[in-house]
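Here is a short note to read beside the structure. Keep the 3D view open and find each residue as it comes up.

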Amino acid sequence: MKSFSYVIKDAEGIHARPAGELVKLAKTFTSKVTIAKGEKSGDARKIFAVMGLGAKQGEEITVTAEGDDEEKAIAEIEAFLNANL
């Protein structure tokens, strides 16, 4: 299992467009990818789970991947967040 934390930099927080792209990216991996903020967590392959976190600018999220391609999943998702959020 691999994980990393990320602080949201986008002024709008996690909003629809990047959330949809994040879900598409998470679906490309065989590993289970989970996204969490505080006590809330959910499957990063589900748009309602990602949007339901309500992550705003300056808040920290944690992404965890567990499975065969967990290292690739973590690296690509971290790169995506840095580029988009």
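A residue counts as buried under 20% relative accessible area, exposed over 50%, and partly exposed in between. Keep in mind that this is a predicted model.

1. **E71 and the cut-off.** Start with E71. Its relative accessibility is 53%. The exposed class begins over 50%, so E71 counts as exposed.

2. **K2 and its partner.** K2 has a relative accessible area of 34%, which makes K2 partly exposed. Which residue does K2 form a salt bridge with? The partner is E71, and the closest N and O atoms are 3.6 Å apart. K2 sits in strand 1 (residues 2-7), while E71 sits in helix 3 (residues 70-84).

3. Side chains of opposite charge can pair when their charged atoms come close. The structure holds 5 salt bridges in total. The pair K2 and E71 is one of them.

4. **E59 and K37.** Here is another salt bridge: the side chains of E59 and K37 meet at 3.2 Å, N to O. This pair also links distant parts of the chain, 22 residues apart. E59 lies in the loop between helix 2 and strand 4 (60-66). K37 belongs to strand 2 (residues 32-37). At 28% relative accessibility, E59 is partly exposed.

5. **D43 and K46.** D43 and K46 form a salt bridge too, with their closest N and O atoms 3.8 Å apart. Both partners are partly exposed: D43 has a relative accessible area of 26%, and K46 has 49%.

6. **Helix 1, buried side.** Now look at helix 1 (residues 16-26). Its buried residues are P18, A19, L22, V23, L25 and A26. Why do they line one face? Seen down the axis of helix 1, they fall within an arc of 160°, so they line one face of the helix. Their cover includes strand 2, helix 2 and helix 3.

7. Which residues make the nonpolar surface patch of about 310 Å²? They are I47, F48 and M51. F48 is found in helix 2 (residues 47-52). Its relative accessibility is 73%, so F48 counts as exposed.

Methods. Residues numbered from 1 in each chain as written. Predicted model: local features only at pLDDT ≥ 70, side-chain atom pairs only at ≥ 80, totals over all residues. Heavy atoms only, no water. Patch = residues over 30% accessible without salt bridge, like charges linked within 9 Å, V, L, I, M, F, W, Y side chains within 5 Å. Areas by Shrake-Rupley, 256 points an atom, 1.4 Å probe, with all protein chains shown as cover. Salt bridge = Lys/Arg side-chain N within 4 Å of Asp/Glu carboxyl O. Helix = DSSP H or I, 4+ residues; strand = E, 2+ residues; numbered from the N terminus. Buried < 20%, exposed > 50% of the residue type's maximum accessible area, 1.4 Å probe, protein only. Arc of directions from axis to C-beta. Contact = heavy atoms within 4.5 Å.
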